[in-house]
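My notebook is open and the structure is on screen. Here is what I looked up, entry by entry.

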4 protein chains.
Amino acid sequence: MANSKYEYVRAFEESDVLLPSTWIVIRIDGRGFHKLSAKYEFEKPNDKRALNLMNAAAEGVMKELPDLVLAYGVSDEFSFIFHKDCTLFERRESKLVTTVVSTFTSYYVYLWPSYFENKPLFPPLPSFDGRAVLYPIDRILRDYVSWRQVDCHINNLYNTTFWALVQKGNMNGTDAEKELMGTVSSDKNEILFSRFGINYNNEPEIFKKGSVLYRDYANTIATSSSFTTLTTEPNLPKAEETPASAPESSEMPIPDEPPAPKSKTQAAKEQKLRKRARIAIEHVDIIRDEFWMQRPWILSGKAGKGGR
Amino acid sequence: MANSKYEYVRAFEESDVLLPSTWIVIRIDGRGFHKLSAKYEFEKPNDKRALNLMNAAAEGVMKELPDLVLAYGVSDEFSFIFHKDCTLFERRESKLVTTVVSTFTSYYVYLWPSYFENKPLFPPLPSFDGRAVLYPIDRILRDYVSWRQVDCHINNLYNTTFWALVQKGNMNGTDAEKELMGTVSSDKNEILFSRFGINYNNEPEIFKKGSVLYRDYANTIATSSSFTTLTTEPNLPKAEETPASAPESSEMPIPDEPPAPKSKTQAAKEQKLRKRARIAIEHVDIIRDEFWMQRPWILSGKAGKGGR
Amino acid sequence: MANSKYEYVRAFEESDVLLPSTWIVIRIDGRGFHKLSAKYEFEKPNDKRALNLMNAAAEGVMKELPDLVLAYGVSDEFSFIFHKDCTLFERRESKLVTTVVSTFTSYYVYLWPSYFENKPLFPPLPSFDGRAVLYPIDRILRDYVSWRQVDCHINNLYNTTFWALVQKGNMNGTDAEKELMGTVSSDKNEILFSRFGINYNNEPEIFKKGSVLYRDYANTIATSSSFTTLTTEPNLPKAEETPASAPESSEMPIPDEPPAPKSKTQAAKEQKLRKRARIAIEHVDIIRDEFWMQRPWILSGKAGKGGR
Amino acid sequence: MANSKYEYVRAFEESDVLLPSTWIVIRIDGRGFHKLSAKYEFEKPNDKRALNLMNAAAEGVMKELPDLVLAYGVSDEFSFIFHKDCTLFERRESKLVTTVVSTFTSYYVYLWPSYFENKPLFPPLPSFDGRAVLYPIDRILRDYVSWRQVDCHINNLYNTTFWALVQKGNMNGTDAEKELMGTVSSDKNEILFSRFGINYNNEPEIFKKGSVLYRDYANTIATSSSFTTLTTEPNLPKAEETPASAPESSEMPIPDEPPAPKSKTQAAKEQKLRKRARIAIEHVDIIRDEFWMQRPWILSGKAGKGGR
């Protein structure tokens with residue numbers, strides 16, 4: 001940017017550096033996706049092509065931004081998590097948020113034809129908004145992720161039951177809504193099973209648990225299989241009955257140490273590992289400790305299988 | 001978002017409402033476009049397809065966001081301007097910035113094949129970052145726009161001369177850079193003319209002035225022709241010689257009134273006008289008063305030809 | 001601050017520079033002054049000693065901070081206004097706010113014995129909180145000041161009537177409150193006049209209009225008698241009846257020019273004028289144009305009698 | 001604040017709520033205390049009356065704001081620490097910062113005559129500025145406090161030696177400065193001992209360690225005696241030699257749990273304990289674990305002797 005008498009206007013740019021040593025969550029949401037899902041005739045209550053496209057776009061983001069340690073997606077929303085020690089773009093908020101949103105959008109539009117062959121895009125086009133939220137300690141970061149996964153569960157159970165009533169029970173939307181008013185989880189499970197023969201536990205994991213993306217340094221993913229075959233979700237609360245209480249303390253010790261500086265060689269080596277790592281896309285419980293204990297590099301931020 | 005014991009994490013979301021009655025400029029920049037222009041073999045110093053694609057994407061943004069009153073683009077950068085009275089998204093910064101960036105990206109990727117038929121995109125994909133800057137009064141907003149257009153002029157004159165030395169003068173980059181070190185505008189004009197027979201004034205306006213987009217309520221664009229045939233740019237300073245002084249006061253009276261509330265009917269009517277208006281894309285001087293006096297609706301924010 | 005391994009904690013300090021070319025209002029409020037006024041037996045509805053102490057403390061602040069162009073006080077609240085071009089402390093918000101609050105507090109406690117000889121302070125001590133608010137143009141800054149003065153008028157009319165009912169009408173507080181519920185200004189004026197023989201217009205100006213402090217470069221206007229003898233306040237709305245409409249445009253042209261840089265000599269000369277100027281303390285209408293037109297240096301920020 | 005057409009200006013007030021579950025440090029500094037210490041002839045290098053006045057003012061702040069868990073002072077600076085779970089004033093930054101600064105100033109001016117009997121204050125008066133800084137985890141909060149205490153040590157050793165050279169060695173300031181240039185701690189200790197017979201370890205603790213204030217729920221202060229008789233400070237680094245490395249991990253486990261909600265009864269009971277607790281003022285090592293382990297209520301935020 002060259003010098004001129006007008007350059008004084010640069011002084012109006014404000015600093016937006018995010019607090020150091022703090023988790024950065026960037027949550028993005030589809031804009032007007034209710035309309036968009038009608039326009040392109042998404043299947044109800046879940047459209048697998050649409051979910052897989054979201055995941056593929058998120059994978060693109062994870063690959064282009066190696067500093068991301070985790071992403072969690074549900075419906076038309078995705079949360080991208082930069083490690084608390086991340087110094088990308090000097091932690092400038094606008095830069096971090098817009099880069100994630102733009103990269104996601106870019107992949108979403110680019111990959112659309114691979115998932116919706118017969119439904120070409122036309123304006124107005126899909127777009128996403130986003131925001132950054134800070135979380136000071138590991139425990140609260142995990143509670144954020146749990147919040148989104150509980151939300152996924154609650155919404156999906158509702159939607160599954162609602163659309164069963166509409167699609168198989170021949171109700172109209174208003175009646176289905178009335179039918180569900182005041183019901184708790186067990187009621188919905190009961191409706192699904194007794195009226196439509198649907199065992200909610202057998203619904204696809206991607207619908208019930210959403211999608212979690214991370215760098216899979218431990219190529220032997222054998223360990224995670226126990227999760228993908230889970231058919232119960234013991235930790236998922238019957239949300240309506242849950243009192244607004246604070247999280248119980250976890251069994252897992254969460255240290256929350258201040259950042260230990262790394263040598264340049266070490267940092268470069270880790271960055272290389274991050275870029276090379278396969279991105280895992282799984283539909284597993286991320287509320288309980290197991291997920292985090294088996295992938296210690298996510299919370300530690302240290303690239304590599306050991307990662308503690 | 002359903003209720004659960006984890007929902008307390010929402011309290012970590014911070015308010016980011018922008019100061020009312022203040023101009024909002026969202027400037028976006030291509031990320032790594034130096035590399036990208038090499039990857040897809042953009043022409044030097046300017047690639048018309050690339051510029052037209054930028055403009056087409058900006059047009060998409062203007063159409064999807066009727067609250068935008070102006071956009072100005074140069075190279076891989078675009079500034080989008082929301083009127084100071086704009087209340088879109090309650091003026092939440094993240095929402096405004098990410099929506100502009102995402103919509104722009106969406107159109108850029110979607111329209112790419114129309115401009116680069118034989119050069120299909122492949123990852124890593126184009127993306128943009130962006131930020132919001134506030135300007136309290138009309139005069140300073142205009143100085144912002146002037147800053148960008150002066151920048152366009154200075155960079156383009158430099159690039160035009162540099163690439164003439166390289167492409168027609170058979171210099172390598174390092175030598176061309178040396179040749180230009182310390183030169184002022186007249187020197188570069190002279191090099192272009194005496195060595196390569198190029199009259200810089202005859203260069204395409206889109207290269208010299210960048211691109212300005214606005215809602216053209218006055219369909220008869222006749223008036224703007226006087227600008228497009230301009231072959232001199234008297235107000236564009238020879239930047240290197242410009243002392244860092246403050247802007248001279250303009251001849252044009254700039255009132256800066258606080259917002260006058262509109263009736264709902266009036267507001268709805270104006271929004272309709274905005275949506276229906278043709279988006280003009282011009283390559284004209286936006287530093288001098290003429291541009292603004294002939295299109296009073298831009299600074300007033302009042303939709304319609306009168307617009308005062 | 002010396003160097004040590006702990007110094008990394010400085011990186012957690014965030015920038016809080018306020019938008020340039022924008023008016024800075026610092027409004028401070030007495031903390032728990034309801035209790036405090038009981039503890040030291042302030043007279044009701046207005047205690048002249050307490051108001052004069054507030055004004056004297058504000059004068060101390062004006063003297064120690066020459067960059068302040070205006071202060072307006074009512075009850076236990078004071079608004080201090082830095083000119084939009086002010087660059088004191090590089091416009092760092094915390095520094096500006098805390099310096100004003102601390103200096104005010106310092107004078108308030110220091111001067112207390114001069115106004116309340118027989119009522120020595122004892123803990124808990126008086127204290128004030130404060131905040132900065134930005135206003136982008138002169139018109140809105142004036143509307144801010146008008147807001148506070150209208151507030152003063154409305155509250156004082158209410159309080160005067162309420163305490164007349166209690167002190168002279170032998171009502172208890174609850175009954176007086178009931179009596180006033182739903183009344184408009186004319187009703188209160190009527191109660192005061194018919195029941196207690198009080199003509200509200202004859203109440204002291206300091207109660208009705210609050211106190212305005214500024215640098216009085218035009219020593220000759222010292223008296224400003226035309227204002228202080230005002231017995232009507234035609235511009236003060238009967239607030240309860242005022243529709244929440246936008247401000248009418250003023251007769252006074254308000255230019256809102258971007259800052260013109262000054263030579264160092266000029267800046268130093270003006271700063272000297274500011275420090276030397278007598279601080280005027282008046283109880284006048286600051287809603288209408290007259291006040292501002294006769295003291296052009298307040299809005300222009302230029303020290304000296306001319307001040308345009 | 002009453003209703004009027006001007007009230008729209010309230011919309012310009014911005015939210016400044018601080019991130020939840022994060023330590024809030026409010027550091028205040030004397031404004032122009034170099035001049036002030038000359039004006040009132042403070043003793044060099046340390047004036048006990050001035051330090052005791054600072055501590056007394058800080059005690060006043062601690063008493064008026066029971067949410068504060070710790071304060072640390074050195075020279076004309078004081079850091080006040082609100083527990084990370086503090087919700088005072090809904091964590092509004094301006095309110096927290098200005099209340100601390102104003103209350104401190106109030107006590108400072110009020111108590112001045114008790115410490116400087118023969119030196120009455122006169123304008124310009126003492127004032128303080130302040131700012132808030134957030135620290136996400138206990139370890140970093142402790143590093144902040146350590147940073148200040150190391151700073152105290154380094155500056156005091158320097159000042160003690162400098163003033164010995166000037167006051168007892170008959171050097172002028174410039175020569176003393178030169179003499180000390182490039183010296184490390186051991187050099188200064190050597191100068192003090194060999195030239196002036198001063199054993200730095202025997203200097204008063206208040207000079208060497210600064211002052212720490214906290215609520216002393218464990219009335220039996222016996223435990224802290226081991227600290228106050230300390231004559232060595234093994235953990236205080238020879239600062240000049242300290243490489244800018246990261247803090248070593250502490251022996252003390254620091255849990256950093258998210259806030260556990262308390263019943264209203266419990267919260268009220270704790271607030272009562274806070275208000276009643278004696279404020280301890282000590283001059284002890286706050287870098288090592290001992291201080292924190294013996295007063296667990298400081299980091300836990302739980303009022304009462306147990307406090308874990």
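**Entry 1: a glycine in a strand.** I started with A:Gly30, which sits in strand E1 of chain A. Strands here are DSSP runs of E, at least two residues long, and helices are runs of H or I, at least four, both numbered from the N terminus. A:Gly30 has a relative accessible area of 13%, so it counts as buried. I noted the cut-offs: buried is under 20% relative accessible area, exposed is over 50%, and partly exposed is in between (1.4 Å probe, protein chains only). Not counting residues up to four places away in sequence, A:Gly30 touches A:Asp76, A:Ser127 and A:Phe128. Contact means heavy atoms within 4.5 Å.

**Ground rules.** I'm looking at a predicted model, where local features need pLDDT of at least 70, side-chain atom pairs count only at pLDDT 80 or more, and totals for chains, interfaces and linings use all residues. Residues are numbered from 1 along each chain as its sequence is written, chains are lettered from A and ligands numbered from 1 in the order in which they are written, and side-chain values use heavy atoms, leaving out hydrogens and water.

**Entry 2: the annotated site.** Where does UniProt place the feature "binding site"? The unreviewed entry puts it at A:Asp29, A:Gly30 and A:Asp76. They are spread over 48 residues of sequence, yet they cluster in space, with a largest C-alpha distance of 5.9 Å. UniProt positions follow the numbering used here, feature names are shortened, and annotations may be inferred rather than shown by experiment.

I checked A:Asp29 too, and found it in strand E1 (residues 23–30) of chain A. A:Asp29 is partly exposed, at 23% relative accessibility. Leaving aside neighbours within four places in sequence, its contacts include A:Asp76, A:Ser127 and A:Phe128.

**Entry 3: a serine from chain B.** B:Ser102 lies in helix H3 (residues 93–115) of chain B. Is it buried or exposed? B:Ser102 is buried, at 0% relative accessibility. Beyond its neighbours within four places in sequence, B:Ser102 contacts A:Val101, A:Thr105, A:Ser127 and A:Phe128.

**Entry 4: how A and B relate.** I superposed chain A on chain B with a rotation of 180° and 0.0 Å of shift along its axis (RMSD 0.0 Å). That is the relation of a two-fold axis.

Note on methods. Copies are superposed by least squares on the C-alpha atoms of residues with pLDDT of at least 70 in both.
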